[in-house]
Amino acid sequence: MKALLAVIRRDLLLAARRKSEVLTALFFFVIVTSLFPLGIGPEPALLKKIAPGVLWVAALLATMLGLNRLFAADHADGTLEQMVLSPTPLGLLVGGKVAAHWLVSGLPLVLLAPVLGLQFDLDAGALGVLMIALLLGTPLLSLIGAIGAALTLGVRGGGVLLSLLVLPLYVPALIFGAGAVEAHISGLGAGGHLSLLAALLALAVFFAPWATTAALRIALE
Amino acid sequence: MSNRLVHWFKFASPQSFYPLAGKMIPWFWALTAVFGVAGLWLSFFVAPTDATQGEGYRIIFVHVPTSWMSMFIYLVMAAWAGLGLALNTRLSGMMASALAPTGALMAFLSLWTGAFWGKPMWGTWWVWDARLTSELILFFLYLGFIALQAAIDDPRRADRAGAILALVGVVNVPIIYFSVQWWNTLHQGASVSVNKAPAMAQTMLWGMLLMALCFWMYSIAVALMRVRAIILEREAHTEWVKDLAEVKR
């Protein structure tokens with residue numbers, strides 16, 4: 001547990017020293033969501049309808065941006081090899097790195113999403129559901145993304161390849177996440193969607209670090 | 001590993017599998033031809049014209065088997081990949097990468113023929129129906145697998161990285177399928193549904209089954225040919241490959 005916290009603290013510190021990388025992803029999120037009304041038109045009814053989908057797709061893409069760097073720097077300076085060799089289970093260390101990635105790139109999206117949701121004329125209830133859905137969904141994105149990041153570590157054209165590998169796997173998160181908000185707006189209640197999202201998160205917390213460590217060991221051998 | 005296992009795994013070595021595959025390929029081609037001729041004859045000349053869909057429905061004799069094969073091949077591919085990870089056999093990884101292009105082809109054909117079927121039946125090339133969407137995502141998963149293997153130069157690492165991706169994909173395929181299905185039912189009432197097609201005539205079912213067998217045998221034959229090519233490519237430095245009659249020629 002101590003090792004887990006140490007990895008989280010270290011990665012957060014590193015992120016704090018390089019603020020621009022974190023902020024770039026955040027501004028990307030803001031800009032992409034602002035582009036949709038410009039492309040589609042300013043009708044409030046239409047914007048309200050597409051808002052959950054737009055915000056979620058933008059969140060998917062914004063999380064993708066930071067994934068490349070999840071293991072790359074540690075791989076380059078040899079830290080990753082030391083982690084593999086350390087007596088602490090690699091899965092725990094990977095979990096720490098994923099948690100730090102989420103704190104840096106997922107949590108800000110959750111906090112920022114209501115502000116952007118206001119631009120799309122979502123009411124308070126819908127904004128709340130959107131936040132809960134993102135709160136459950138963004139860790140899922142970080143966990144699945146870590147598998148892709150580990151698989152493409154040190155591979156030619158890793159960035160584009162990463163999106164090709166990971167985006168199809170993001171489909172369930174997108175469907176249930178955006179679906180929760182839509183279900184709430186249409187009066188169906190978001191409970192079912194949120195439960196499914198939480199179930200997916202529980203599955204991913206268990207399996208994703210395991211798959212990620214296997215992929216890392218392959219990348220490093 | 002006891003000695004007994006060595007006999008069991010005799011054909012796990014590329015050297016002994018290569019000639020075996022060579023002997024099997026003509027048989028699978030022959031079976032492909034037999035099932036194909038029988039299936040096409042049944043589906044074009046024997047199966048009755050559909051009362052509601054006319055002659056156009058006959059594309060399902062290609063469409064349904066390719067959809068089945070696209071899903072089945074992904075499972076087989078993941079099974080080979082998992083076997084390769086667990087037992088560390090080289091041939092398993094080669095089989096997985098030999099199956100991937102065929103699976104992608106089947107998924108593509110299934111989407112393409114589906115569009116051809118949809119245009120006259122539903123009046124549109126594409127609907128965001130649950131089956132279509134999940135088939136499309138399956139196609140993306142195949143492409144991801146192929147792209148990942150192509151991007152890694154070391155074949156052993158490519159095999160093992162691809163294996164993990166295939167296994168992650170196989171866990172995800174049912175999740176994706178059900179999520180898309182629920183998404184679909186929430187978004188739009190099932191305006192078009194494959195499920196509600198009228199009960200099939202017996203001959204149609206037989207035609208479809210024969211065509212499915214034909215595509216199955218074709219996939220095996222092509223995968224074996226591809227795995228032979230991969231073996232030659234990867235084992236090019238070995239003595240036994242240099243001694244092969246077809247290499248010396």
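Which pattern does chain A follow when it is read along the sequence? In this predicted model, chain A follows the pattern α-α-α-α-α-α-α-α-α-α, and its secondary structure accordingly comes to 10 helices and zero strands. The radius of gyration of chain A is 18 Å, close to the 17 Å that the globule rule gives for 221 residues, and chain A is therefore as compact as a globular protein of that length. Along its principal axes, the C-alpha trace of chain A spans about 55 × 30 × 30 Å.

Turning to the inside of this chain, buried residues, meaning those under 20% relative accessible area, make up 50% of the 221 residues in chain A.

The next step is to see how the two chains meet. Here 27 residues of chain B are in contact with 28 residues of chain A, and the area buried between the two chains is about 2300 Å², with 77% of it given by carbon and sulfur atoms. On the side of chain B that touches chain A, helix 5 (130–151) and helix 6 (155–187) of chain B each supply at least two residues, and the largest share, 15 residues, comes from helix 6 of chain B. Sorted by class, that side of chain B has 20 nonpolar, four polar and three charged residues.

As for specific pairings, the count between chain B and chain A is zero salt bridges, while the rule finds one residue pair in polar contact across their interface, with both residues at pLDDT 80 or more.

Notes
Residues are numbered from 1 along each chain as its sequence is written. Chains are lettered from A and ligands numbered from 1 in the order in which they are written. This is a predicted model: local features need pLDDT of at least 70, side-chain atom pairs count only at pLDDT 80 or more; totals for chains, interfaces and linings use all residues. Side-chain values use heavy atoms; hydrogens and water are left out. Contact means heavy atoms within 4.5 Å. Buried area is the accessible area (1.4 Å probe) that two parts lose on being put together, summed over both. A salt bridge is a side-chain nitrogen of Lys or Arg within 4 Å of a carboxyl oxygen of Asp or Glu. A polar contact is a pair of N or O atoms within 3.5 Å; within protein, one must be able to donate a hydrogen and the other to accept it, and residues adjacent in sequence count only if both atoms are side-chain atoms. Helices (H or I, at least four residues) and strands (E, at least two) are DSSP runs, numbered from the N terminus. Ala, Val, Leu, Ile, Met, Phe, Trp, Tyr, Cys and Pro count as nonpolar, Asp, Glu, Lys and Arg as charged, and the others, Gly among them, as polar. The radius of gyration is taken over C-alpha atoms; the globule rule is 2.2 Å times the number of residues to the power 0.38. Buried means under 20% relative accessible area, exposed over 50%, partly exposed in between (1.4 Å probe, protein chains only).
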